[in-house]
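Please work through the exercises below on the pairing of charged side chains, trying each task before reading its solution.

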Amino acid sequence: MKLEVKNLEKTFKVKSKNPAGIITKLALNDVSFDVPEGEVFGFIGANGAGKSTTMRIVMGVMPETSGEVYLGNECVVGKNKVNQERALELRRSVGYMPAERGLYGKMKVEEQLIWFSMLKGLTKNDAQKEVKFWLEFLQVDEFAEYRLEKLSTGNAQRVQLAAALSTKPELLILDEPFSGLDPIAVKVMADAFRESVKSGLSILFSSHQLELIGELCDVVGIIQSGKMVQLGTPDELRQRAGAPLMTEVPTPLADIFGDLVLEEKIEVSA
Amino acid sequence: MSDEYEAVPTNASASVEAAQLNGASLEAAQSTDAAPAKINVPNIMEKYSRIKVNNTFMVAKREITTRIHSRIYRNSTIMYSLIGIIFTSLAGKSNNSDAPEPEVAKAAEEAATYHDLAFNEVMKEHGLDPSQILAEITEKTNALVEAAGATVTFDFTKYIAALIIAMCLMIALTQTGNVIAQGIAEEKGSKVVEILLSSLKPVELILGKVLGIGFSEIMHLGIVYVVVYGSAMLNGVGGGGSSEFSFGQMGMLAILWFIIGYAMFAALFAALACSVQKADEVPMAIAPIMLIVCVGFFMSVYSVLVPNSTGLILTTVKFMPFFAPFCAPIAMINGHMTVAMMVIALIINIITVPITFIVATKLYTNSIQK
């Protein structure tokens, strides 16, 4: 499913001691991008740059200040949005993984993944099949009967990804899926990404692991202080930063990240 | 439904369905094919209401299974049942031994004696005028009773039964309220709610939670009730009670009012719990409701002691939403409320339930989206 974000803006009101009493913080400033079907979009940005805020607005758990979000070709956020039932129906085909992780600690792994899948509209049989497949793929099937709270952080995170994938999504929105994972887990998860993109899934994810982003993503967006400062394929970004292109080993994005977000070099691409 | 559409693709209902799926407005579809589309509007409504019921049912089912499998639930069911069994068997023991007669029997005996005395006296004085005699008998009885002290008008069994019922109601309500509040706060803290609200409406989520937790709590109370009542019967104290109500009826009355009280408070617990950021702030957040619950409890106990009060608070409190669940059953058991009054109180309180629900859902949605 195609995701389109158009001119998204979000302001927060923060109470302060200054005479006015309230200061308005601009969290998102005219953010636009789209994730076409079957593509992977990598979201990079410093802490508090607005990555999670964008994702939350797309998922409808946070109201926007202005701007629009389209899922498929239907507006789910903005002035012309479809009714609540339709928006929920559209969002049911989106697999979402919040940064703080969102599963029930006291429920058994398999049981709860099946529950979430069924909540997203799968039949019981389908849900069982999907959950089994993804738990095996992410190598956490041995914990199927464990309560989630008994699992280690990394394993819980694999389960979390399985939860997002086993809902048969057409679009995945993942907030820092790789944070705090061991290298093997990262590899397994990256494989899961590649596997699912083959079947036409679109993915939007944020990460601080730039080498992974450079490797996995078709398009990369760099967001800084709520503004999209860079948008393009990893190669385009390298070009803009003046890094050599035709080398055997592509320049890691981490090396050019500083150059890309420096004020002088900002050239906002549409 | 979808099979039907596939079978008859030219059917107007299919066009409306398709229009809906394409995100086009329903009105547009209706204007092109006004008459048949109108008939099919309920179909769409039905479709959405079915989804809603499914979601609510799924949330409720999850709540019930998690709650029943939790150790606290099992342990407290066993604990309450055990306490009930111990109390009833102790009561049975003391009944069988030559313990002093219960207050109520003593009072009844006293009343009968005075009544007979008065009757004889009046008969001697007047001869044969039954109505007048009866009237004067009553008057004299009252006078004598008053002279002997007012023990007859105070039914101790009823009072104790009322006290126990009010206490059980309070414990059950605060307990379920806490479960709801904790659950909501945990969902918010762990961000499960972000996943949930991207597939269902807030009202479905709250309704499902309230129904699920409510069902498991009623089951819990039901088990304790059956065990304790059974044990009371075995120990020979189950048949007791006051002249109007047996203990069994009192229990039923309490469970009825628990359901209404729960429905009224539950959504509010959810709304308040949602305002916190962490689960350990929940007790502070729900303190206002706890205060209402406590006030309701003390009101119910107090109103039994002052049955003939004409004060505004004590007369209205039996009907007032949020207080009636405590005060009404107790007033009923003590005979301060007629069946008609009870029905009025029930109607007032049942009407309040959807109102609190709507307000709570609004509050919930607002604080979740912050």
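This is a predicted model: local features need pLDDT of at least 70, side-chain atom pairs count only at pLDDT 80 or more; totals for chains, interfaces and linings use all residues.

Residues are numbered from 1 along each chain as its sequence is written, chains are lettered from A and ligands numbered from 1 in the order in which they are written, and side-chain values use heavy atoms, with hydrogens and water left out.

**Exercise 1.** Find how many salt bridges the whole structure holds over all chains.

Solution. A salt bridge is a side-chain nitrogen of Lys or Arg within 4 Å of a carboxyl oxygen of Asp or Glu. A search over all chains finds 19 of them.

**Exercise 2.** Work out which parts of chain A are tied together by A:Glu149 and A:Lys106.

Solution. The closest N and O atoms of this salt bridge are 3.4 Å apart. A:Glu149 lies in the loop between α4 (124–137) and α5 (153–165), and A:Lys106 in the loop between β6 (94–97) and α3 (109–119), so the pair ties together parts that are 43 residues apart in sequence. Helices (H or I, at least four residues) and strands (E, at least two) are DSSP runs, numbered from the N terminus.

**Exercise 3.** Decide whether B:Arg67 and B:Glu217 are buried or exposed.

Solution. Their side chains meet in a salt bridge of 3.2 Å, N to O, which links helix α4 (residues 34–69) to helix α10 (residues 202–234) of chain B, 150 residues apart. Both residues are buried (under 20% relative accessible area, with exposed over 50% and partly exposed in between, using a 1.4 Å probe and protein chains only).
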